[in-house]
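Subject: Structure handover

Hello,

Here is the structure, for you to take over from here.

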Amino acid sequence: MQLFPVILPTLCVFLHLLISGSGSTPPLTHSNQQVAATRWLPATATWYGSAEGDGSNGGACGYGSLVDVKPFKARVGAVSPILFKGGEGCGACYKVRCLDKTICSKRAVTIIVTDQSPSGPSAKAKHTHFDLSGAAFGHMAIPGHNGVIRNRGLLNILYRRTACKYRGKNIAFHVNAGSTDYWLSLLIEYEDGEGDIGSMHIRQAGSKEWIAMKHIWGANWCIVEGPLKGPFSVKLTTLSNNKTLSASDVIPSNWVPKATYTSRLNFSPVL
């Protein structure tokens with residue numbers, strides 16, 4: 001599923017009115033979950049896209065064309081609701097390996113959550129399922145069996161969380177199309193470590209107050225306020241273990257929509 005940019009402002013305004021009317025900010029339903037990094041857990045997996053392809057074209061997390069280039073390229077994964085978490089699971093990394101010794105190697109592949117799996121076993125709320133790119137799915141096979149493993153269609157697998165590692169990359173903030181001085185929407189990219197974001201705050205120029213942004217969908221967050229004055233500092237808190245990072249004045253005063261601004265920071269590349 002993909003959200004068109006024109007829908008994002010409407011969602012942001014709706015969330016702002018909903019929360020303002022209730023007088024409180026709704027709690028993060030997943031923020032107290034700890035990462036189980038060492039346990040292999042059972043799931044199923046299929047593949048989508050072309051046989052040797054990158055998988056999704058964009059995806060429900062909102063990463064757009066980033067999924068077609070490294071470090072996302074051929075490592076994308078769509079996951080069932082239990083891992084997608086309404087979009088708060090976007091950016092998390094997992095190792096997956098299949099179990100059939102006749103066609104599967106012992107090699108695990110690392111995937112990044114970029115999409116939500118739309119149907120099949122993944123539609124069951126408590127069922128854990130991965131839709132992998134054709135390239136990642138085939139990479140689990142023993143040499144020469146890439147086509148055989150893809151022809152199976154559905155495989156039993158094991159998976160576990162793993163740290164995201166974007167070598168040479170720092171956290172970046174993409175200003176979504178349609179952003180204005182009264183409505184600002186950001187997409188977060190390249191978070192090392194846990195990869196997922198549970199809360200996001202923004203601080204305006206000359207202010208000491210951190211203002212909570214609202215999660216729209218996928219890796220997109222927004223704020224309805226104004227007029228907003230840059231440069232903006234951004235504070236991120238991970239969903240899994242509540243680790244916090246603050247990037248000072250990362251978005252300049254002369255920011256423009258559709259631009260990406262890179263910080264000098266990243267989370268530790270461990271869980």
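Both Phe 72 and Tyr 166 are buried, where buried means under 20% relative accessible area, exposed over 50% and partly exposed in between (1.4 Å probe, protein chains only). The centres of their rings are 5.9 Å apart and the planes stand at 40°, so this pair is tilted. Rings of Phe, Tyr and Trp (its six-membered ring) pair if their centres lie within 6.5 Å; planes under 30 degrees apart count as stacked, over 60 as edge-to-face and the rest as tilted. The pair joins distant parts of the chain, 94 residues apart: Phe 72 is in the loop between strand E1 (41–48) and strand E2 (76–79), and Tyr 166 is in the loop between strand E6 (155–162) and E7. Strands are DSSP runs (E, at least two residues), numbered from the N terminus.

Before the rest, a word on the source. This is a predicted model, in which local features need pLDDT of at least 70 and side-chain atom pairs count only at pLDDT 80 or more, while totals for chains, interfaces and linings use all residues. Residues are numbered from 1 along each chain as its sequence is written, and side-chain values use heavy atoms, with hydrogens and water left out.

Aromatic rings

The structure holds eight aromatic pairs. Phe 72 and Tyr 166 also belong to a cluster, linked by ring pairs, with Tyr 63 and Tyr 190. In another pair, Tyr 94 and Phe 130 have ring centres 5.7 Å apart and planes at 75°, so it is edge-to-face. Tyr 94 lies in strand E3 (residues 93–98) and Phe 130 in strand E5 (residues 129–133), 36 residues apart. Tyr 94 is buried, with a relative accessible area of 3%; Phe 130 is buried too, at 0%.

The ring of Tyr 94 also has the charged end of Arg 161 over it, 5.6 Å from its centre. Likewise, the charged end of Arg 97 sits over the ring of Trp 40, 4.5 Å from the centre. A charge sits over a ring if NZ of Lys or CZ of Arg is within 6 Å of the ring centre and within 35 degrees of the ring normal.

The sheet

Five strands make an open, antiparallel sheet in the order E11-E12-E8-E7-E15. Strands E11 (214–217) and E15 (260–262) are at the edges with a single partner strand each, so one side of each has no neighbour in the sheet. Two strands pair if DSSP finds at least two bridges between them; E7 (residues 172–175) and E15 are joined by three. Phe 173 stands opposite Tyr 261 in E15.

Regards

Definitions and conventions. Helices (H or I, at least four residues) and strands (E, at least two) are DSSP runs, numbered from the N terminus.
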